[in-house]
Structures are given as C-alpha cells and as structure tokens.
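Subject: Structure for your review

Dear colleague,

Please find below the structure that I am handing over to you. I would ask you to keep it open while you read the notes that follow it.

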Amino acid sequence: MPEITGKTPLFGLIGHPVRHSISPTLHNAWFRHHGIDGMYAALPTREPAGDILTALTTLGVSGVNVTVPLKRDMLPLVDALDEDATLTGAINTLVRDGRDWVGHNTDVAGFSAALAELGVDPHGARVAVLGAGGAALGVAAALLRAGAEGVVLYNRDEAKAHRLAARLGGAVCGGPLTTLGFSALTPDLVVNALPGAARERVRALPIDHLPQTTAWVDLNYWDPEPPHLQTLRARGHRVQTGHLMLLHQAALAFARFTGVSPAIEVGRALLPRQSAAMVTEPAGM
Ligand code: NAP
C-alpha cells in the first residue's frame, strides 16, 4: 500500500446523509489491496450541486460517488455523461478527466450483477418495482436491457410513475402503490426501491399470495429488518438485501476512478455480518 502523501488522489462520497456509508471502507480496502495510491472519504454536504462541483474542482478532488439528494441535480452540470447516466437521468459517480467532469451511473450495471448472484434471470421476467425515484429507474433500466417481459413501477404518485416509465419506454409502465393492486400480482421478482420513509407502506403490502418462485430484493442496505424479507426467506423465496448492489456499483465506480476492476471478494468480506447472513438463497438451502 503506497503511503498517503501530499500527492495522493482524493476520492469521496457526496450527499446527505453519508456518514453511515460503507463506501469509504470498501474503496480504501481496495486501494490497499491493489496497492493503488488513493484515499476515499465521506464528504457530507447539503450545498447546491453547482457549489459542490466548484468546490470539488477547486480542491483538486479526483472523483466522487454521488448520493441523495444530488444524483439528478448534478446531471446538467457535468461535461459528459455515460450511456446509463443519460438513460436514467441520474449520476452516482463523477470522475475528473483533465479539466472535465464525467458523470457515470454504475447503479444500473451494479443491480444486474447483484441480481445474477441471486440466480434470477431477468430475461422474460415480469417485475414489480416499488417506487419511481432514481433507484427505481436504474433498476428498471437494467431489467429492460436484460430482456424483462414487463416492468411496472408502483408509486404513491402514479402520474410520476407513468412519466418515468414513458422515459424508458419498451415494456415499462406505471401503477399505483396500493395494497389492492398488489394483491393481484404474481411477479417473478419484486424490487423495493422506496426509501425508508415508505417502509410502513411496503410492510402493508400483502405477500401471502406470492408464489414461492417470486424473488424479492430490498435495496435499503441500511435497514436491519427490511419489510417481508425474513418471512419470505423462511417460506422458501429467494431474497436479497441491497448490500450486493452496493458492492457491485462500488466496484464499478472504483474501476472508473482507477482503471482497475477491484477484487469483489475483498469488498464482500467487509459487508456487515447481518447482510452476509441475509443469504441470497431460501432458508435451509
Ligand atoms: P428517491 O429518488 O428519493 O425516491 C423517491 C421515491 O420514493 C419516489 O417514488 C417517492 O414517491 C417515494 N417515496 C418517498 N417517501 C415516500 C413515502 N412516505 N411513501 C411512499 N413513497 C414514498 O430515492 P432513491 O435514490 O430512488 O433511493 C431509494 C432507496 O434506494 C434509498 O433508500 C436508497 O438508500 C436505496 N438505494 C440503494 C442502492 C444500493 O446500492 N443498494 C442504490 C441506490 C439507492 P413520490 O414520487 O410519490 O414522491
């Protein structure tokens, strides 16, 4: 591991809140493991996106991950975008390239990699995505690309779900986040892409009618007891917490920062124990 010096490139995570994040742990472990000169810090900020970008430029920061509430706000400010940032209208990684800032979205490919670990083939799948925020859009984009038969974005504000679905086109449509609608669904996969504020809405959704073949992913890695996950797992469903998407999107961001694809297993070993225990297979397997 190179010693940290005055020349060490600085990376970080911007947004609010970020102090709880395990991204610094992951990225710094990968810098050490691969012997790359770099350091990564949590950089909490509530300032406007333009002011933050100016500060990052002035301070010579080499790259950052971007989280709530900045993922959309950064989009019009950067000099170039990758395909998935353009598709979703959200940035989760900013990389300095000479004088330019390039915006990437690694959530899309990160979700696909996590889903592969769950053994879910999205090709031909019918998927219910809870939410119509940035995370839901990234998930829907990944599923579409993988050939999902149909993706429905269920949202409190149904009109917004329809608008976002229209943006992605293809097999994506919108629907209302109601218990009534959900009780008629038998999707191959449910993805909870709603934030913590909507936890009780998710808990209120009926699940008894779901066939055992329905897999369930909850993106809220910070939630020690994601709604329905333990129950579904005990009933033999495949379930996954958001830690694996977090791990894979971080690895893809690290590759954008450094040009090196990091060792996934080094990162996996650092995930909180309770998430490692939240297996990606049904109980008893
Ligand atoms: P966001 O853009 O703020 O999400 C907004 C969505 O949440 C909208 O659909 C909004 O509905 C809905 N919502 C907010 N409060 C609600 C409530 N009380 N009841 C019902 N719906 C409510 O957030 P995001 O960026 O999509 O992130 C969503 C979650 O995914 C976060 O908790 C984040 O931590 C997690 N995430 C995880 C990963 C990972 O790597 N595992 C990656 C990205 C995000 P309206 O449109 O009706 O307002």
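Which residue in S6 is the bridge partner of Ala80? The partner is Val102.

Before I continue, a word on the basis of these notes. This is a predicted model, in which local features need pLDDT of at least 70 and side-chain atom pairs count only at pLDDT 80 or more, while totals for chains, interfaces and linings use all residues. Residues are numbered from 1 along each chain as its sequence is written, and side-chain values use heavy atoms, with hydrogens and water left out.

**The sheet**

Helices (H or I, at least four residues) and strands (E, at least two) are DSSP runs, numbered from the N terminus. Two strands are said to pair if DSSP finds at least two bridges between them. Six strands form an open sheet with mixed pairing, in the order S2-S1-S3-S5-S6-S4. Its edge strands are S2 (39-44) and S4 (80-81), each of which pairs on one side only. S4 is joined to S6 (residues 100-104) by two bridges, and these strands run parallel.

Strands of a sheet pair through backbone hydrogen bonds, either parallel or antiparallel. Strand S3 has partners of both kinds: four bridges join S1 (residues 10-15) to S3 in parallel, whereas three bridges join S3 to S5 (residues 93-97) in an antiparallel manner. Val64 of S3 illustrates this, as Gly12 stands opposite Val64, and Val64 also stands opposite Leu94 in S5.

In a regular strand the side chains alternate between the two faces of the sheet. In S3 (residues 63-66), Gly63 and Asn65 point one way and Val64 and Val66 the other way, and all are buried. Here buried means under 20% relative accessible area, exposed means over 50%, and partly exposed lies in between (1.4 Å probe, protein chains only).

**Salt bridges**

Side chains of opposite charge can pair when their charged atoms come close. The structure holds 10 salt bridges, a salt bridge being a side-chain nitrogen of Lys or Arg within 4 Å of a carboxyl oxygen of Asp or Glu. Three of them are described below.

- Asp107 forms a salt bridge with Lys71, with the closest N and O atoms 2.8 Å apart. Asp107 lies in helix H4 (residues 107-118) and Lys71 in the loop between S3 and S4, so the pair ties together parts that are 36 residues apart in sequence. Asp107 is buried, at 10% relative accessible area, while Lys71 is partly exposed, at 22%.
- Arg268 and Glu117 meet through their side chains in a salt bridge (2.8 Å, N to O). Because Arg268 lies in helix H11 (residues 264-268) and Glu117 in helix H4, this pair ties together parts that are 151 residues apart in sequence. Arg268 is partly exposed, with a relative accessible area of 25%, and Glu117 also counts as partly exposed, at 30%.
- Arg235 and Asp208 meet in a salt bridge as well (3.0 Å, N to O). Arg235 is in the loop between helix H9 (229-234) and strand S12 (239-241), and Asp208 is in the loop between helix H8 (199-203) and strand S11 (215-218), 27 residues apart. Arg235 is partly exposed, at 37%, whereas Asp208 is exposed, at 64%.

**Backbone features**

Most residues other than glycine have a negative phi, and most peptide bonds are trans. Which peptide bond ending at Pro17 is cis? It is the bond from His16 to Pro17, with omega near 0°, and Pro17 is found in the loop between S1 and helix H1 (23-34). The peptide bond from Val68 to Pro69 is cis too, with omega near 0°, and Pro69 is placed in the loop between S3 and S4.

His228 has a positive phi of about 75° although it is not a glycine. His228 is found in the loop between S11 and H9 and is buried, with a relative accessible area of 12%.

**A buried helix residue**

Val139 is found in helix H5 (residues 134-145) and is buried, with a relative accessible area of 0%. The C-alpha atoms of Val139 and Val151 are separated by 9.6 Å, the two residues being 12 residues apart along the chain.

Yours sincerely
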